[in-house]
Amino acid sequence: MTREQFLKDLQAALADMQQEEREGVLSYYAEMIDDRMEAGMTEEAAVKAMEPVQEIASRVLEEAGVPVSNKQKAADDKRQEIRRPAGNIRQLNVQAENKRVTVGAGDGDEIVMRYMIGSNDIFQLHEDDGVLTLEHRMRPVSSFINEKNGEGFSLESILSGVGKFISGLGERIVSDGGVFGYEAPENEIEITLPKTMLAQLAVSTSNGRIAVSDVTFAQPLRLSTSNAYIKLDDVNCAQAVTCATSNSRIVLDDVNAHSARLTTSNGRVALSDLYIREELECINSNGSITVKDSTAEGRMRLTSSNGRIELDGVSAADYTLKTSNGAVGGTLKGSAAEYTVSSSTSNASNLLGNREGGDKRLSVRTSNAPITLKFEE
Amino acid sequence: MDAQMKRGLIEACILKLLLRGDSYGYQLVREAEEVLSISESTLYPVLRRLETAGALKVYSMEHNGRLRKYYAITDAGRKRIDEFLVEWQDVMKVYDFIRRDEQ
């Protein structure tokens, strides 16, 4: 290591210190290296004669009374921050297991990813030809035990490994329900993007929710998880938005996109203030779909089973609303005369009926539940 | 060695070295090796503490086109050496006592 690099690293390691103090330390070590070189050592050897930067830093910080608890230090070691100029990236992929992913906008023109490396986490970063991929997976329990065996067998170490795994499972279940309100930050990947993101973003995780807010995407946005919700708030996308989860809800508010395809099961879908230039497609089995104050210029295809479909102040040129054992109700914008209407249910009332002659199309199918959809000018 | 005890010993050693004349960091590290080995990172906080306590003074002087920091002992520093010697008479009594018991 060169003298310059050593001093630079030391300066960075002492960032928490007051400037005057820090400069005192730096000039002290610079002088030590200079004196050694003057005594005939090479630069390399003189730097090597110093202790490692991190050791010097922790000792100096401790002496200076800058509070650095071991716990904090350990957390700092595990905290990762990846920064890239957004202009260098054309595609960002985040592939994780059991992590929540939060995407938001920053003031700069940078892509920033922050996360903590827990004892069961394996992170890998790939960068190739403008494609940046952050890959995360969980260390399998079996390999954790094997590693511990390598260091010497201990029942406690295995139990603590298994315990961590089980408590991880607990958090997964909690993270979706949100009832307990406890979500450890170490289970989160935080992504900050420029307000206008020119690169494509694809996030896939599992057992952790995905939240995206305040970003305009020029390229398609693809989000997928499982057993946890997906939430979009104040998002624009010039192309298609795709959200897929299971056993949880999808919530979109104030979203403007070319098209949107939303898929879940056993959760509700709640959409409000949407503007979709072409097609909105939503599939939710065993869960309700509610759409409020939203427009799809082209088709709106909402499909559920065993869930109700509720529309309020919605407009589209071509509706296909399909469920079973669930009611279809609410208000559509425009006049019935514009639409060719085809509707049917069984074992329940249908207030919508059928009519021919409109340029636009409305098709509603359910069973064992009423259709109470109305037009409101 | 107990950290607190070692700290006291190093402080006294450095002051003793400065009794011989003003010195600078690298020279102090080398000369201290006569009696105990200390690293740069050990010396730095010792110098800072002694300076804060007024036991030594720091001044910069040009050397080969750069500034080097020199350390000079003060009266307070000299007094501190005397105190150290007095305190350690007690320690030596204990030391002798322990040695006697062993033999």
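Strand 2 of chain B and strand 3 (residues 66–73) of chain B pair in the antiparallel sense, with eight bridges between them. The model is a predicted one, in which local features need pLDDT of at least 70, side-chain atom pairs count only at pLDDT 80 or more, and totals for chains, interfaces and linings use all residues. Residues are numbered from 1 along each chain as its sequence is written, while chains are lettered from A and ligands numbered from 1 in the order in which they are written.

**The sheet of chain B**

- Helices (H or I, at least four residues) and strands (E, at least two) are DSSP runs, numbered from the N terminus; two strands pair if DSSP finds at least two bridges between them.
- In chain B, three strands form an open sheet in the order 1-3-2, with antiparallel pairing.
- Strand 1 (23–24) and strand 2 (56–63) of chain B are the edge strands, each pairing on one side only.
- B:His63 has B:Arg66, in strand 3 of chain B, as its bridge partner.
- Strands of a sheet pair through backbone hydrogen bonds, either parallel or antiparallel.

**Confidence**

- Chain B has a mean pLDDT (the predictor's confidence in each residue, from 0 to 100) of 89, and 96% of its residues reach 70 or more.
- Within chain B, confidence is highest in strand 1, at 95, and lowest in helix 4 (residues 75–102), at a mean of 88.
- For the complex, the predictor gives an ipTM of 0.88 and a pTM of 0.58.

**Chain A as a whole**

- Chain A contains seven helices and 23 strands.
- Of the 377 residues in chain A, 32% are buried; a residue is buried if 20 or more other C-beta atoms lie within 10 Å of its own, exposed if 12 or fewer, and partly exposed in between, with C-beta atoms placed from the backbone.
- Two residues are in contact if their C-beta atoms, placed from the backbone, lie within 7 Å. Among contacts in chain A between residues at least 6 apart in sequence, 36% join residues at least 24 apart.

**Helix 1 of chain A**

- In helix 1 (residues 3–13) of chain A, the buried residues are A:Phe6, A:Leu10 and A:Ala13.
- Because they cover an arc of only 60 degrees around the axis, they lie on the same side of helix 1 of chain A; the arc is that of the directions from the helix axis to the C-beta atoms.
- An α-helix has 3.6 residues a turn, so residues three or four places apart point the same way.
- The buried residues of helix 1 of chain A pack against helix 2, helix 3 (43–48) and helix 4 of chain A.
- Exposed residues A:Glu4, A:Gln5 and A:Ala12 are carried on the face of helix 1 of chain A turned away from its buried side.

**Strand 9 of chain A**

- A:Leu201 and A:Val203 form the covered face of strand 9 (residues 200–204) of chain A, and A:Gln200, A:Ala202 and A:Ser204 form the uncovered one.
- Strand 9 of chain A pairs in the parallel sense with strand 2 (residues 91–95) of chain A over five bridges, where A:Leu201 is the bridge partner of A:Leu92.
- Strand 9 of chain A also pairs in the parallel sense with strand 12 (residues 221–224) of chain A, over four bridges; here A:Leu201 stands opposite A:Leu221.

**Individual residues of chain A**

- A:Asn247, in the loop between strand 13 (230–244) and strand 14 (250–265) of chain A, has a phi near 55 degrees, a positive value in a residue other than glycine. A:Asn247 counts as partly exposed because it has 16 C-beta neighbours inside 10 Å.
- A:Asp273 lies in strand 15 (residues 269–276) of chain A and has a positive phi, near 50 degrees, in a residue other than glycine.
- A:Leu352 is in the loop between strand 21 (339–344) and strand 22 (360–365) of chain A, and counts as buried because it has 24 C-beta neighbours inside 10 Å.
- Leaving aside neighbours within four places in sequence, A:Leu352 is in contact with A:Val341, A:Ser343, A:Val364, A:Ile371 and A:Leu373.

**Contact between the chains**

- Chain A provides 16 residues to the contact and chain B provides eleven residues.
- Helix 2 (19–38) of chain A gives the most to the side of chain A that touches chain B, with nine residues.
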